[in-house]
Amino acid sequence: MLSFLNYLISGISLGSIYAIIALGYTMVYGIAKMLNFAHGDFIMVGGYAIFTCMITLGMNPFVSILIAMAVCLVIGVTTEKVAYKPLREAGSPLAVLITAIGVSYLLENLALLIFGSNPKSFTSVVSWSGITLAGGQLHIQGVTIVTILVSLAVLVVLQWFVHKTKEGQAMLAVAQDRGAATLMGINVNHTISLTFAIGSALAAIAGALLCSAYPTLTPYTGAMPGIKAFVAAVLGGIGSIPGAMIGGIVLGIIEILARTYISSQLSDAIVFGILVVVLLVKPTGILGKNIQEKV
Amino acid sequence: MALLEVDNLSIMFGGLRAVDDFNLRVEKGELYGLIGPNGAGKTTVFNLLTGVYKPNEGVIRLDGVDITGHKTVEINHDGIARTFQNIRLFQDMSVIDNVKVGLQNQYHYSTAASIFHLGSYKKVEKEYDDAAMELLSVFGLENERDYKASNLPYGQQRKLEIARAMATKPKLLLLDEPAAGMNPNETGELMKTIELIRSKFGITILLIEHDMKLVSGICEEVTVLNFGRILKQGKTREVLQDPEVVKAYIGE
């Protein structure tokens, strides 16, 4: 029973990381109506930025994360401006998608060029060792607790931002009807840039937490979590912020439990199998809106 | 000088001249009607005026400024706002938030101030709410402020769309078939609302409408479009009695 609880908690923790990544996916999809398949690699960029600041340069972990967020933000916004915006304005969603895959390979290979293919061993950004419960039988790592708390904080702040500030309302307006929003004087390009900025900065936070929980860093570190977070976003209902959170946590729990109780080799197959089943039963995801035909 | 001056406006869709040599003068404070049978090109004119389509030929001047070829977002800042033939509210947002989206460009605080909840954010947010409520009360929607826009009855959705457009503080308001799908009571109420906003805000209104009772009731002047061309232009009463106009509408 205690070991189940332990696995459950690590599932929630892993799921929280997926959730933070999925938030970036879902916001960009909701507002720019595109899938940014390079989003997973922003995590890796964040990871290397933290590694460089914290381990190579010996900076404070918190400062390192802030710098990594700034780095990811600049890369995210630049990618959007240089690679996606011209194609989006040319009205070619498929070209944007393919470009995103291209950007993903570009970032991976740049990292390979700069940092080499040897895995870097990462030191956790959380130095707290955690808490021990139930008379020493249940130990929860500090990074696990911090991850869960951070993802909850991110969710609360984002929900508040989107619903209570004018930039957030502009995002909602653009997500719902880009044409009408433009005609009401909303600068759509500015709104999309801001969305990329937020999503990319979140990817840096996810990078910090992911590399702290699984302390090896390679140029491909972000690829798999990125894809799983995409699954999480779809599972929760793509475009929905609470949906991304729920999807991420559900996915994390399933992955850890499947790895523990079924097979460690099959856990990924099970995760993606679930995506297929969800899409068959409820194509819009857990919190997804029913798509009504527009008149 | 007229507020809106349109000269020789034309647009081609493939080989079709959807709007051909369109001219228009709308004076400041005027209520002007744009009428014509279905497919005559009325909404296309609105789309040209708001930059959704770029004209092949012609010039659009608002308040003496050439706005031809401006992007839609710039045209809103230039001073034109519109509603849509098929209501295009932000359906999942609340009534007040719809209006606040329209008000965005008049209220400023930095993103940092909002994130850190600084005093400037709270102060501006308060003024912003008050301005939205003031507009909602003009349209009699103050009690519905927290309703989801899509849950409003049809007539109120139309009103909310006008309120949202008015929130951008336009010089010229374009209404695309505001009375479409309304019953006579709702249309009567809408006519009062339109007259009210004109007198209260001193705004100039150009509207597309099929409801002749509404057009003859509130428009001072009209232009009749038929097959993309101007059929008749002038004082509403005279134009509506013109045999050619009657023929275009109801046939021989």
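Mentor: Gladly! Chain A holds eleven helices and four strands, where helices (H or I, at least four residues) and strands (E, at least two) are DSSP runs numbered from the N terminus. This is a predicted model, in which local features need pLDDT of at least 70 and side-chain atom pairs count only at pLDDT 80 or more, while totals for chains, interfaces and linings use all residues. Residues are numbered from 1 along each chain as its sequence is written, with chains lettered from A and ligands numbered from 1 in the order in which they are written.

Trainee: What makes chain A as compact as a globular protein of its length?

Mentor: The globule rule is 2.2 Å times the number of residues to the power 0.38, and the radius of gyration is taken over C-alpha atoms. For 295 residues the rule gives 19 Å, and the radius of gyration of chain A is 19 Å, close to that value, so the chain is as compact as a globular protein of that length. Its C-alpha trace spans about 60 × 45 × 35 Å along the principal axes.

Trainee: Why is strand S3 of chain B called largely enclosed?

Mentor: A residue is buried if 20 or more other C-beta atoms lie within 10 Å of its own, exposed if 12 or fewer, and partly exposed in between, with C-beta atoms placed from the backbone. Five of the five residues of S3(B), residues 31-35, are buried, so the rest of the structure largely encloses this strand. Both faces are covered, with Leu31(B), Gly33(B) and Ile35(B) buried on one side and Tyr32(B) and Leu34(B) on the other. In chain A, buried residues make up 51% of the 295.

Trainee: What makes S2 and S5 of chain B edge strands?

Mentor: They belong to an open, antiparallel sheet of four strands in the order S2-S1-S4-S5. S2(B), residues 16-26, and S5(B), residues 65-66, each have a single partner strand, so one side of each is left without a neighbour in the sheet. Two bridges join S4(B), residues 57-62, to S5(B), and these strands run antiparallel. Arg61(B) stands opposite Asp66(B) in S5(B).

Trainee: Which parts of chain A supply the side that touches chain B?

Mentor: Helix H6 (166-176) and helix H7 (178-183) of chain A each supply at least two residues. Two residues are in contact if their C-beta atoms, placed from the backbone, lie within 7 Å, and the contact takes 18 residues from chain A and 24 from chain B. H6(A) gives the most to the chain A side, with seven residues.

Trainee: How is that side of chain A classed?

Mentor: Ala, Val, Leu, Ile, Met, Phe, Trp, Tyr, Cys and Pro count as nonpolar, Asp, Glu, Lys and Arg as charged, and the others, Gly among them, as polar. By that scheme, the side of chain A touching chain B has nine nonpolar, six polar and three charged residues.

Key:
Two strands pair if DSSP finds at least two bridges between them.
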